[in-house]
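Please open the structure in a viewer and keep the selection tool at hand.

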Amino acid sequence: MTEVLVRASGVKKAFGQHQVLRGVDFEVRAGEVSCIIGPSGSGKSTFLRTINALETVDSGSLIVRDEQVGYTLRDNRYHPWTDRDFARFRSGIGMVFQRFNLYGHLDAVDNVARSLITVKRLPKERALERARAELDRVGLAEHAHKKPHQLSGGQQQRVAIARALAMDPALMLFDEPTSALDPELVDEVLETMKALAEGGMTMILVTHEIGFAREVGDTLSFFDEGRILERGTPAEVLSGEGSARTRAFLDRVR
Amino acid sequence: MASTHRRTTPFLTQSGDEIAIAPSVHWRRWVVGALALGVFAWAASIVIFNENIRWNRVWEYLFSQKILDGVVVTIWVSIAATILGLVLGVILAVMKLSKNPVLRVLAEGYIWFFRGTPVLVQLIFWFNLAFLLPFITLKIPFTQIGMRWDTNTLISGSVAALLGLGLNLAAYFAETVRAGIQAVDRGQTEAALAGGMTSAQTMRLIVLPQALRIIIPPTGNEFISMLKTTSLIVVVAGNDLMTNASQIYKQNNLIIELLIVASIWYMAMTAVATFLQSRLEKRFGQDRVRLVRGPSFSQTLIRMATGAIPTQRAASRTKETVR
């Protein structure tokens with residue numbers, strides 16, 4: 001049996017009065033590509049962000065890579081993580097954002113090398129070497145010395161993927177990685193992600209690309225109002241034999 | 001605004017003949033322009049042809065040794081006070097945004113104190129520091145190794161000025177830096193944290209470098225305003241331009257003449273500083289949204305003097321906003 005990398009049970013989260021997550025149960029095994037779909041405001045992005053502790057959890061249990069996210073059990077008590085604990089935990093998880101979030105003052109290769117130098121403490125030369133190799137892998141070797149604003153959206157997103165991969169993550173999180181892209185730039189990013197999935201990377205992907213989820217995903221979860229309404233293989237969930245709510249959503253996005 | 005667009009080619013008839021465009025006569029502009037010029041010339045003539053102003057003395061003092069010495073002091077005090085203010089301002093801003101409540105309260109207290117009291121009072125206070133601390137001692141704790149100075153010799157007029165103006169600027173500049181830090185997209189912080197950096201690394205390596213690019217235009221403004229604020233040093237006799245000018249006119253009573261001399265120097269320094277600021281903006285403002293501002297009159301003069309005539313294109317290029 002393969003290792004479970006993420007196990008959420010009864011995860012709840014509120015922003016003020018607004019209950020965003022109302023008890024999420026979720027599981028991802030090593031090597032799995034797990035896609036999450038659902039209407040906007042259903043809590044899918046918030047849930048993704050709890051996995052690398054960009055959001056805290058109010059109640060329930062969230063175990064990622066054998067750690068209760070945000071706490072360490074010692075002497076029969078849970079001790080909240082320090083800044084350093086969070087940094088160490090996050091350095092093993094890659095994240096790709098909807099709006100790319102490349103460091104605006106650094107060119108592509110420095111964007112990729114930054115965490116290698118600061119977090120992994122690689123010597124500068126080796127970090128840059130690795131960064132160039134990662135850019136080459138996403139097909140952007142010749143753009144290494146461009147600033148983010150000189151790159152197209154699709155190129156920026158591929159740099160962001162390279163930046164996350166350079167850290168050798170055990171798990172990659174994608175938060176609607178193609179939603180901010182012009183339609184003609186979506187495919188180059190999806191191709192990059194597909195290659196990654198075929199290479200055996202564990203991926204959790206919040207997306208509106210139903211076609212991609214069907215083709216590449218191992219599991220598909222449908223989020224609605226802070227819960228997972230349906231979960232199974234993409235074929236099962238997309239068959240439309242589940243709830244009326246899922247069907248209505250699928251009819252709208254297709 | 002009236003349309004000033006001009007065709008680049010004349011109209012053509014069907015047979016291909018050119019039909020000329022009649023020149024438009026903007027008579028309203030001429031009348032209003034002439035009126036404005038008249039008022040301005042009248043006001044200027046009151047000063048220029050005033051028999052009580054001895055212009056030959058102005059030229060005489062413009063490059064006199066004492067005035068030049070004052071200019072040098074004004075420049076170095078302005079630069080040093082601005083640097084002190086900027087460095088301290090960044091530290092205060094980071095403290096103010098810190099999660100540590102002690103740092104936050106201290107920063108806010110500092111800002112309140114220095115913004116809540118007139119800079120003139122602060123200058124006099126620093127000048128009279130000897131009253132509180134007759135000696136300033138720096139020594140390694142529990143040892144006899146250290147140094148000791150007489151406060152009155154250490155805190156001269158210009159050092160008091162430097163301290164007072166720098167500490168005061170820091171309080172104002174902290175707010176600018178804080179705004180700059182908060183203007184950096186939240187996504188930058190999230191990306192850095194997701195990449196495994198600590199909050200301190202994120203601030204130092206990702207947020208601050210981008211915030212500083214945003215606040216470079218206001219930084220230039222602070223320096224330009226500092227050049228003139230230094231004239232307050234006159235109250236602590238700091239040997240700056242204004243102090244020296246006032247010492248001269250207190251002896252010979254040529255008050256207006258020496259104020260003109262000082263003004264000419266302040267205007268010259270401001271013009272140079274404005275020019276340097278525009279260079280700084282060009283250098284740093286490329287990948288960020290910036291305040292949109294055309295070249296100032298003095299900038300235009302300097303550019304023309306240095307042979308680089310500003311074109312409409314160059315001016316509009318500085319308006320590019322990219323992100």
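**Chain B as a whole**

Begin by selecting chain B, which exposes about 19,600 Å², with carbon and sulfur atoms supplying 67% of it; accessible areas come from the Shrake-Rupley method with a 1.4 Å probe, and for residues only the protein chains shown count as cover. This is a predicted model, in which local features need pLDDT of at least 70 and side-chain atom pairs count only at pLDDT 80 or more, while totals for chains, interfaces and linings use all residues. Residues are numbered from 1 along each chain as its sequence is written, chains are lettered from A and ligands numbered from 1 in the order in which they are written, and side-chain values use heavy atoms, with hydrogens and water left out.

Helices (H or I, at least four residues) and strands (E, at least two) are DSSP runs, numbered from the N terminus. Of the 323 residues of chain B, 38% count as buried, where buried means under 20% relative accessible area, exposed over 50%, and partly exposed in between (1.4 Å probe, protein chains only).

**A surface patch on chain B**

Next select Val39(B), Trp42(B), Ile46(B), Val47(B), Ile48(B) and Phe49(B), a nonpolar surface patch with about 660 Å² of accessible area together. Ile48(B) belongs to helix 1 (residues 27-48) of chain B.

**A buried aspartate**

Move to Asp240(B), in the loop between helix 11 (216-229) and helix 12 (241-252) of chain B.

**An arginine in chain A**

Now select Arg49(A), in helix 1 (residues 44-51) of chain A. Arg49(A) is buried, with a relative accessible area of 12%. Not counting residues up to four places away in sequence, its contacts (heavy atoms within 4.5 Å) include Phe97(A), Asp175(A) and Glu190(B).

**A hairpin in chain A**

Finally, select strand 6 (residues 71-74) and strand 7 (residues 77-80) of chain A, which pair in the antiparallel sense over 4 bridges; pairing requires at least two DSSP bridges between two strands. Tyr71(A) stands opposite Pro80(A) in strand 7 of chain A. The two strands form a hairpin with 2 residues between them, and Asp75(A) in the turn has a positive phi of about 50°.

Notes:
Patches are made of residues with over 30% relative accessible area and no salt bridge: like charges are joined within 9 Å, nonpolar side chains (Val, Leu, Ile, Met, Phe, Trp, Tyr) within 5 Å. A salt bridge is a side-chain nitrogen of Lys or Arg within 4 Å of a carboxyl oxygen of Asp or Glu.
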